[in-house]
Amino acid sequence: MFPEFRDEISRLKTDDAHFARIFHRHNTLDQEIKNIEAGLLPVAHGVIENLKKEKLHLKDELYVILRKTREI
């Protein structure tokens with residue numbers, strides 16, 4: 001995710017607790033979605049769509065933070 005921001009991601013995961021928290025949550029959701037799609041986790045109907053929406057929201061939030069680091 002965002003290879004053009006590799007250095008910024010590494011730094012922010014260490015220096016910014018909020019960024020680190022949402023980055024970790026995004027990765028956790030990504031793995032959970034993969035497990036659901038692979039049939040490894042049972043879920044109620046409609047749950048995966050909500051997880052994907054949350055993941056997308058977090059990705060957007062991460063991108064905004066990364067863009068701001070480039071503006072400074």
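A salt bridge here is a side-chain nitrogen of Lys or Arg within 4 Å of a carboxyl oxygen of Asp or Glu. The model is predicted, so local features need pLDDT of at least 70 and side-chain atom pairs count only at pLDDT 80 or more, while totals for chains, interfaces and linings use all residues. Residues are numbered from 1 along each chain as its sequence is written, and side-chain values use heavy atoms, leaving out hydrogens and water.

Let us start with the charged pairs. Searching the whole structure gives five salt bridges, including these:

| Pair | N to O distance |
|---|---|
| Asp30 and Lys34 | 3.3 Å |
| Lys55 and Asp30 | 2.7 Å |
| Lys52 and Glu37 | 2.9 Å |

Asp30 and Lys34 are about one helical turn apart, because they sit four residues apart in helix α2 (helices are DSSP runs of H or I with at least four residues, numbered from the N terminus). Lys55 in helix α3 and Asp30 in helix α2, 25 residues apart, link distant parts of the chain. Lys52 in helix α3 and Glu37 in helix α2 also link distant parts of the chain, 15 residues apart. Through shared partners, salt bridges join Asp30, Lys34 and Lys55 into one network.

Terms used
Helix = DSSP H or I, 4+ residues; strand = E, 2+ residues; numbered from the N terminus.
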